[in-house]
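These are my notebook entries on a structure that I had not looked at before. I set down each point in the order in which I looked it up.

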Amino acid sequence: MYNQSYEQCIQACLECMEACNVCYDACLGEENVKMMADCIRLDRECADICAFAAKSMQSNSPFAKQICSLCAEICEACGNECKKHDHDHCQKCAEACFKCAEECRKMAS
């Protein structure tokens with residue numbers, strides 16, 4: 001059984017992963033996809049690291065803190081990029097990214 005203190009961080013990571021996947025898919029449907037390229041790229045990166053961070057905590061990895069630290073950095077970058085766009089999916093994604101970054105920083109400290 002994994003460490004219970006991971007619970008909130010795992011939840012934030014999974015919610016962020018979902019928000020990034022939704023945002024990624026919605027960005028592909030936007031009129032000016034080229035303008036959304038950085039958002040799409042960061043959505044993919046962020047969803048992947050969130051999934052990996054959650055898995056590392058669930059399996060009680062000795063590297064969980066370092067992975068969460070990196071996850072926080074990527075979430076912050078993704079949130080900052082999504083925040084630039086007015087689309088609802090981008091705003092929701094930014095919110096999830098910032099929440100996850102905060103939880104991952106707590107985890108990593």
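How many helices and how many strands are there in the protein? I noted first that the model is predicted. I then counted 4 helices and 0 strands. Read from the N terminus, the order of elements is α-α-α-α.

Entry on overall dimensions. I looked up the extent of the C-alpha trace, which spans about 45 × 20 × 20 Å along the principal axes. I also looked up the radius of gyration, which is 14 Å; a compact globule of 109 residues would have a value near 13 Å, so the two agree.

Entry on surface and interior. I found an accessible surface of about 6100 Å² for the protein. Carbon and sulfur atoms account for 52% of that surface. Of the 109 residues, 43% are buried, that is, under 20% relative accessible area.

Entry on contacts along the chain. I considered the contacts with a separation of 6 or more, and 68% of them join residues 24 or more positions apart.

Entry on one helix pair. I examined helix α1, residues 7–28, together with helix α3, residues 64–83. Their axes come within 12 Å and cross at roughly 35°. The crossing of α1 past α3 is left-handed. Which residues make this contact? On the α1 side I listed Cys9, Cys13, Cys16, Cys20 and Cys23. On the α3 side I listed Cys68, Cys71, Cys75, Cys78 and Cys82. By class, the contact of α1 with α3 holds 10 nonpolar residues, no polar ones and no charged ones.

Definitions and conventions. Residues numbered from 1 in each chain as written. Predicted model: local features only at pLDDT ≥ 70, side-chain atom pairs only at ≥ 80, totals over all residues. Heavy atoms only, no water. Axes fitted to C-alpha atoms, helices over the stretch in contact; angles between N-to-C directions. Helix = DSSP H or I, 4+ residues; strand = E, 2+ residues; numbered from the N terminus. Left-handed = near helix turned anticlockwise from the far one by under 90°. Contact = heavy atoms within 4.5 Å. Nonpolar A, V, L, I, M, F, W, Y, C, P; charged D, E, K, R; others polar. Rg over C-alpha atoms; globule rule 2.2 N^0.38 Å. Buried < 20%, exposed > 50% of the residue type's maximum accessible area, 1.4 Å probe, protein only. Areas by Shrake-Rupley, 256 points an atom, 1.4 Å probe, with all protein chains shown as cover.
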